[in-house]
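Open the structure in your viewer and get ready to select a few residues and strands. We will take them one stop at a time.

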Amino acid sequence: MLRPLPLVMLLLLAFTFTTQAQETRLDIEAGPNFSTFSSSGENDFESGMKAGTHIGVSLGYGLSEKLELYAGIGLSENNFQRMYKAGNFESGNSFPSSFDLSYGFKMLEVPVGVRYLVSGDLVDLGLTAGFRPVFTSGYEGERFSDQPEIQQLFDLSDEIRKAGLFVEPAIQLSFDLDEQTQVFTGFRYGFDTVGLYEKQNETRRLHRFDIRAGLSIILF
């Protein structure tokens with residue numbers, strides 16, 4: 001049988017968690033992304049940034065009025081471009097002095113993280129820090145060039161890994177439509193922690209910038 005003091009403490013603790021528990025919300029988002037690769041060593045190319053797209057859904061659970069945990073799933077198409085100097089490959093060919101190759105691959109994404117919320121009169125500000133495990137397809141790094149002789153120069157030995165992990169800070173602005181619904185927009189930067197682009201004795205990391213827009217619905 002519980003004594004009065006421990007019983008009162010348990011009731012107070014339960015009341016505290018109940019009163020602090022916040023709503024659970026569903027976020028649906030989409031937008032463009034912009035990808036490029038950096039390299040840890042000297043190389044024969046210059047990386048360029050190209051646009052792709054991403055879509056996703058996530059659930060956010062409020063731990064308090066200010067703090068929220070979230071987890072979700074998403075799909076993305078990621079593109080980047082490289083400019084090569086032809087003189088670094090084969091001599092005697094009628095290549096231009098430099099040429100571009102476009103690369104692309106897709107990712108299944110599973111973001112998790114925490115969001116700190118700052119409420120304003122018109123706009124709510126969310127500051128987010130999280131992780132994004134990713135699983136790639138088309139991981140040979142699909143390449144495109146208008147010139148067949150340049151396509152034949154590459155043997156696809158540089159591959160995108162089948163899985164990776166991103167660290168991602170983000171900023172989100174939310175606007176109330178009604179008591180249950182918000183629209184939001186924001187910016188997110190993903191830093192590749194594993195070197196998603198495989199290359200022996202060299203680390204090549206993907207950097208991705210997402211512009212996000214979507215709808216947030218309070219479920220309960």
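Which residues does R115 touch, not counting residues up to four places away in sequence? Before you look, keep in mind that this is a predicted model. Now select R115 and show its neighbours: R115 touches D27, K66, L67, E68, Y70, G126, L127, T128, Q172 and R212.

**Stop one: the setting of R115.** Colour residues 112–119, which form strand β5; R115 lies in this strand. Is R115 buried or exposed? With a relative accessible area of 4%, R115 counts as buried, because the cut-off for that label is under 20%.

**Stop two: two partners for one side chain.** Along the chain, E68 and R115 are 47 residues apart, yet 5.1 Å separates their C-alpha atoms. Their side chains are joined by a polar contact of 2.5 Å. Next, pick T128: its side chain makes a polar contact with the side chain of R115, at 3.2 Å.

**Stop three: out to strand β9.** R212 is the bridge partner, in β9, of G186. Show strand β8 (residues 181–192) alongside β9, and you will find the two paired in the antiparallel sense over 11 bridges.

**Stop four: β9 and β1.** Strand β9 covers residues 204–218 and also pairs with strand β1, residues 24–39. This pairing is antiparallel too, and it runs over 13 bridges. To see one of the pairs, select E29 and its bridge partner in β9, G214.

Methods. Residues numbered from 1 in each chain as written. Predicted model: local features only at pLDDT ≥ 70, side-chain atom pairs only at ≥ 80, totals over all residues. Heavy atoms only, no water. Pairing = 2+ DSSP bridges. Helix = DSSP H or I, 4+ residues; strand = E, 2+ residues; numbered from the N terminus. Buried < 20%, exposed > 50% of the residue type's maximum accessible area, 1.4 Å probe, protein only. Contact = heavy atoms within 4.5 Å. Polar contact = N/O pair within 3.5 Å; in protein donor to acceptor, adjacent residues only side chain to side chain.
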